[in-house]
Amino acid sequence: MQELIGRRKRAGFVGRRGELDLFRGNFDTAPEDERHSFVFHVHGTAGVGKSSLVRELEAVAAQRGALTASIDESVRSVPEAMTAISARFAREGVELKALDRLLATYRQRRHEAETASAALDAGADPGPPPPPSPGSTAASRAGLVGLGMVPVVGAFAGAVDPTQVAHGADRLRAALSARFRNHDDVRLVLEPLKVLTPVFVEELGRAAADRPWIALFFDTYERTSPFLDPWLLDLITTDRYGALPANTVITLAGQHGPDPARWADYAAFVTEFALEPFTESEARQLLAAKGLVEESVVREVLRLSGRLPVLVSTLAENPGAVDDPTATAVERFLKWEHDPAKRDVALRCALPRTLDEDVFRAATTGTETPLYAWLRGLPFVSERAGRVHFHDVVRGAMLRLQRTRSPRQWTDRHARLAERFRVWRTEAEEGLEQDESWSDEPWRELRLEELYHLLCSRPQTALGDVLGETVRACRGGEAAIRACVQVIADAGEHTDSDAVRGWGRDLLRTLTDGPEAVLAVLGLLLDRAGLDAEGRAEAHCLRGQELARHREYERALAEYDRAVTLAASADAYYGRARTRVGSGAHEEALADFERAAGLRPDSAEILFEWGERLRVTRRPAEAATILDRALALDPAYARALASRASCAHDLGDIDGALTGFARALEIDADYPWALIHRAKVHRDLGRPDDAFADLDRAVAIDPDSAWIASERGDAYRVAGRYEEAAEELGRACRIDPEYATAHAGRGYALDRLGHTDAARAAYDRAVELAPDYLWALVNRADLRRRTGDADGAFADLDRAVSAGGARVWWLFGLDRHLEQDPDDRGLLGLRGRAHLELGRPEAALRDLRRTPCRLGVARLLLWQGRYDEAGQLLDALSEEPAQADRTEVRLACWFGDVMRERWDRVRQSTEPLWRRLLASDEVTDGDRMLVDYARGDHTAADARLSRVLAAPRDWRNLADAALRLTALAHRPDADPEFYGPRLSRATAARDAFAARYAE
């Protein structure tokens, strides 16, 4: 039926002969001919006939054998445009299969990213680059000592998983990979055009090889150009995404001509069709074709229509109703239809922005369904993608008539439509999580129309609620926010409300193309919308999500902090936790995950993320407990099953690990992360064939994944298969030239093969990409040392110390250097501090006693509870003028005095010491905590204690916290019931940290 209606409408097409002939002739000109045009730009005022001409041009292209696709304002992003083009090609029997698969992945990953962030980033995926299994760590210690150790060294790298440390500048990949299966999915979400467009171009090339022409039409371009125009210009004029087939012809149609700022340099291959109203001759030709030749009537039609094609066509259907020159244009459109029921149907159906048969029934009384076919045949009605649209000029006039003629009826009819859309929208919510709604297209379309009709029925009272909903729409990404803003703009025009119109205008102006669009809209809403505390908190969460997606972690955290202050919700804590993961602040992230789970204990997603972060920070027992809670809520949660299996592996439960991975793969057979981690279990069991079978299967699932290639390459390297390692890691680098760990691993393999120059180049590239990449720095230092570049080797080791602390020296060969010079006090001091960082006070004491660092020894003795020994050293230091005035010496003496109960000295020194501490430029949270507890500000002190325990850089910070609380609790006036639980927390954290790195 649609095709028949379309044919009949085209059969009555009049005018535009010159444009049609020029377009038709373009297909007779080879693309190599300078006369050939690759782009046609149709532009003119509303109602001038652009859409009608586009339909004619598309028919011309089809007659010349072109594969055609036409899209309009129903698409709201470049990926949606690609989807629409692919769907149209499919209807013509040409499937863009690779593009369709990638678009489906993009939609899923984008949806997962938006949902999981509860305001950022990314879906059903593997987790960050994993920590080493116990077996691989043991192998590395046994076989690769000193400077030849493998990149992932296990617990010795510190509280954060060593893989995370090694990744350095790859933190974003690690953060998003906590949800995505591979690195390519991260790029797909963060840079969709860079990933999707080359595939789109490649698929167009395949289609173009079998057709003489490809013709793409972009109608209502004034609506879509903000996001399509820069993309199309790149597509047409650069090879950024690959070579567009030369037999492609693109037609743009909108109210405005080409943007001179973009298109001025490319006028030679663009043909403009600047449409004007019909000439009188063309208008008369159309009227004659409709059988309207009575001169008085023709003159009246010409006068009323201004020769605007859509109005000429509409009035041409009215052969006897132009006798009243005072009638309004709308009455003219409808007077030819004497049936009042039909006239009422036409007016009612102008109220919705688009119609299908369900909306038609909702807009009418419900008994006029047979009139739907009549409505679709009206000259000012078109149909696109199964939806009926009134022409903007005619609809605008009809809306103005109804609003001014009967305001109450206008309000009632829009209210009924809003209610109907609300009912449909509620039905569509079944099975959707609250945070998923705006990412679900069917739900979103219903909600948008509901908001439009709410604004039309009561613009003043509904505006605040709609602006609040605009904040929530940002969860659905740029397409959702553009659609919501367009609703406000449309309602502003149709209600003649200055407030609504002003918001629509300002939001459209703010919604610029590019990554800042959503941020700008949210900023405007925060500044002017009068949101309540909950709405403001959500806006800050969404700004945080958007900033975190673009790696602006500091700004993102500031937004989440504001959200937590306004409304301490699970969303705010969860979003801040994920942002802290991205910035590398893992301990703070864990605290926020715990808070989020406390506020939303039934969220398997939050529990999974919390458990996964515990696993990554090498706390498998704690992680297993949390992941078990997630699995109790969702036993088929494949990612949680795989992460739980990895914990079992870390805890030595091999059978549990294999069972868990098998269950995860039973649920999701194409889960590369589970395969890669199961391969590590097989490797520890001495089953290399099974291990590489899993790795090969992962590569087969996603052969273009740099992450998977890097994992298999590393497996080859650990197995000593260096040639295969160099080849596979090289493939990872070709897939993603910025994959630092792949370059470093390749350098290691090349070095073992004797290709020192190539190895050096690979290490250089890794360090260029990740300047603080410890493993690459240390192994490059080893290569430099062996090739005679001693100064370069020590320069790299110095950089490693700056990036990772003194423990790096201990990790990578410090013992060996001390064997050569056992009395080197500088190296002894470094090793002593490294032992302290890892919670090995006895080993540290052995080293530090051989150095001049008396204060360091005294503090260590205080941490161990050896107060008399510490006191003797401190008494001696306090007698030396050069030492006695140091703040750190005075503080250590105060602890010694308290623990030896020298109360007179304590009373004399306490307040001067507090003032001195607080005035110091180097005052720490631990110092402020001590003073706040001593002065009775327990709320502030508790907050500082929580921060200290949540972010231990090394064992010394925790030991210091325990010492401070021990001293406070030992004072004569201290309340044991108050300090007891706090001291227990600190000592438990201190001892747990030390146990994690026990020798």
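How are α34 and α35 oriented to each other, roughly parallel or roughly antiparallel? I will take that first, and please keep in mind that this is a predicted model.

Helix α34 covers residues 654-667, and helix α35 covers residues 672-684. Their axes come within 10 Å and cross at roughly 155°. Angles over 145 degrees count as roughly antiparallel, so α34 and α35 are roughly antiparallel to each other. The crossing of these two helices is left-handed.

On the α34 side, the contact is made by Ile654, Ala657, Leu658, Phe661, Ala662 and Leu665. On the α35 side, the residues are Ala674, Leu675, His677, Arg678, Val681 and His682. By class, the contact of α34 with α35 has 9 nonpolar, 2 polar and 1 charged.

Next, another helix pair. Helix α23, residues 459-473, packs with helix α24, residues 478-495, at an angle of about 165°. Their axes are 9 Å apart. That angle makes α23 roughly antiparallel to α24, and the crossing of α23 and α24 is left-handed. Pro459, Val466, Leu467, Thr470 and Ala473 of α23 meet Ala480, Ile481, Cys484, Ile488 and Thr495 of α24. This contact of α23 with α24 divides into 8 nonpolar, 2 polar and no charged residues.

Last, the cores. The largest nonpolar core has 86 residues. Those touching the most other members are Phe593, Trp610, Ala642, Phe661, Tyr671 and Tyr773. A second, separate core has 47 residues, including Leu836, Ala892, Ala959 and Ala994.

Methods. Residues are numbered from 1 along each chain as its sequence is written. This is a predicted model: local features need pLDDT of at least 70, side-chain atom pairs count only at pLDDT 80 or more; totals for chains, interfaces and linings use all residues. Side-chain values use heavy atoms; hydrogens and water are left out. A nonpolar core is a set of buried Ala, Val, Leu, Ile, Met, Phe, Trp, Tyr and Cys residues joined through side-chain atoms within 4.5 Å. Buried means under 20% relative accessible area, exposed over 50%, partly exposed in between (1.4 Å probe, protein chains only). Axes are lines fitted to C-alpha atoms, for helices over the stretch in contact, and angles run from 0 to 180 degrees between N-to-C directions. Helices (H or I, at least four residues) and strands (E, at least two) are DSSP runs, numbered from the N terminus. Angles under 35 degrees count as roughly parallel, over 145 as roughly antiparallel, 65 to 115 as roughly perpendicular and the rest as oblique. A crossing is left-handed if the near helix is turned anticlockwise from the far one by less than a right angle, and right-handed if clockwise. Contact means heavy atoms within 4.5 Å. Ala, Val, Leu, Ile, Met, Phe, Trp, Tyr, Cys and Pro count as nonpolar, Asp, Glu, Lys and Arg as charged, and the others, Gly among them, as polar.
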